[in-house]
Amino acid sequence: MFWVEKYRPKTIAQMVGNETARLKLYSWLKGWKPGSRPLMLLGPPGTGKTSAVHALADELGYSVIELNASDVRTEEAIKATLMPALTNLDLFGRQKLVFLDEIDGLFGQQDRGGLNAVMELIDKYNTLPMVMAANFKDDEKVKKLAKKCEVVYFKRVPPRLLELHLRRILKMEGKELPRELLKRVVVYSRGDVRSAINNLQYASLAPEQAELFFRDMTLGISEGLEQFFRARSPEMALRILSEIDANPEEKLRALFSSVVSADLDIGSKLSLLKLISDADLIFGRIKRRQEWRLLKYFYRLLSHLGVASPRPLNYSEADIPWSLRLRIWNDASGFKEANHKLAKFFHSSSKEVASTLLAYFLLIASAKGVLDRIMDRMDLSDAAKRVLEAEAERIGGAR
Amino acid sequence: MKIVFGEYFHLPRVGKDAFISLMKAGVEYEKGKGFRFVEGTDVPRAIGIIEAATGKRVELIPRCFMDGKPAGCEKCEYRYMCNRLEVSNYCLCDDCYEDEGTISAYYFKFSEELE
């Protein structure tokens, strides 16, 4: 029997990690009453979203109506599967809980009405508790759904806790593993409990093969790049870069965002970006002409990146420097309002104003000293005025 | 700069914009005590704001679920692979990690929290 099934938690307290998320889930279901908002669980695979819902439902006496959204995607299919089941009690008189798992899989590349069906379920059928789970919080449709829900975030399980959880399973199985191998299992699983238990079972069945398998393990992009940036020589950096489990494009993008968001002087940043740009040119050629023999030059070039930096870089996914991000967060609503109102004046779209017209407008209006008058006429809020004035000053300064 | 999850910390004057951004990222602020990362804080975003505003690298330390002490990241064998922004906010301190009975106590403590 698979250990992952055998040791599936029976209660929410038999899990590890995500303590706050589990407590929130518990208090939500415990305090649920008709009309309560649905719950959305967001987090990477293997962090316990599905297990927590099933364990808690069992514990509190709910029967789960589950729809794995990866299988059923169209509006009709969702309605056909769920609607008949939406009575309050099951055959045994237990209350029902609707669980839509992998909700991000529901929409796929093209939404075939799945989003509408779920929205309708939320609006019309709030007489049953509903929980949704998704892996990717940045999916636009998941974001749209999340606005109608209470959101609980699940994160990866810290390695120390995961190790103790695995040790307990080994003890219950009456098996032992060398400590080094157990650690490799933990590292390889990267906070994914399901994968950790599967790997543990494999390692306990065939320790020698597992030893070899986990020795050749690859690195995730974040830990890989952290090691890459700390490599002492281009040769070592090259080896680490090749061990990272990502395609060349993903590595290039991650290196770019790490350099862009690094706290470096402009000269150093430029020289590092030049390296990335050269590598990008090579990769473009590889893709265009399918000349994969050039891949070694691509990696060799990138391997100099860490060493060429005057100070150690850190992995970052943000491809916009933080100073600029701050401005975007703080000034976004002001810009949005100004763009919207200016769009009417220009008989154009807000997008066109934001991308092209605004800069010219500010340049001309401030040069002629009429910006204040125009802003008053547009009836802009104080926040929007402040944002435009600052932008006009910035553009004027740059000129 | 080290920030222990759930513990107050002080920042030099970061300016109005950064302060507003920290509040929007869900960082708690109490006059006299300082700032604090709590449940609901968008930790990666808050760390980014602090790093941009202070120019210092921030190291986040989770707390021990068992006794509330800072987790033992410095001595942790997993420190090179553990992305502290990606893992949940509670881990174990060195003492609890070494203790044989911790995992059973962990499950028990969690069930107590439910009540």
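**Ground rules.** I am reading a predicted model, where local features need pLDDT of at least 70, side-chain atom pairs count only at pLDDT 80 or more, and totals for chains, interfaces and linings use all residues. Residues are numbered from 1 along each chain as its sequence is written, while chains are lettered from A and ligands numbered from 1 in the order in which they are written.

**Chain A overall.** I looked up the elements and found 21 helices and five strands in chain A. These are DSSP runs, numbered from the N terminus: helices are H or I, at least four residues, and strands are E, at least two. Of the 399 residues in chain A, 34% are buried. Buried means that 20 or more other C-beta atoms lie within 10 Å of the residue's own; exposed means 12 or fewer, and partly exposed is in between, with C-beta atoms placed from the backbone. I then took the contacts in chain A with a separation of 6 or more: 74% are between residues 24 or more positions apart. A contact needs two C-beta atoms, placed from the backbone, within 7 Å.

**Back to α2(A).** Which residues of α2(A) are buried? I list A21(A), R22(A), L25(A) and L29(A). Seen down the helix axis, they fall within an arc of 100°, so they line one face of α2(A). The arc is taken from the directions from the axis to the C-beta atoms. I note a general point: an α-helix has 3.6 residues a turn, so residues three or four places apart point the same way. On the face turned away from the buried side, I find the exposed residues S27(A) and K30(A). The cover over the buried residues includes β1 (39-42), α3 (49-60) and β5 (150-153) of chain A.

**The strands.** I checked β3 (residues 95-101) of chain A next. Six of its seven residues are buried, so β3(A) is largely enclosed by the rest of the structure. Strand β2 (residues 62-68) of chain A runs parallel to β3(A), joined by seven bridges. Pairing takes at least two DSSP bridges between strands. V64(A) has L97(A) as its bridge partner in β3(A). Three bridges join β3(A) to β4 (residues 130-134) of chain A, also parallel. There, L100(A) has M132(A) as its bridge partner.
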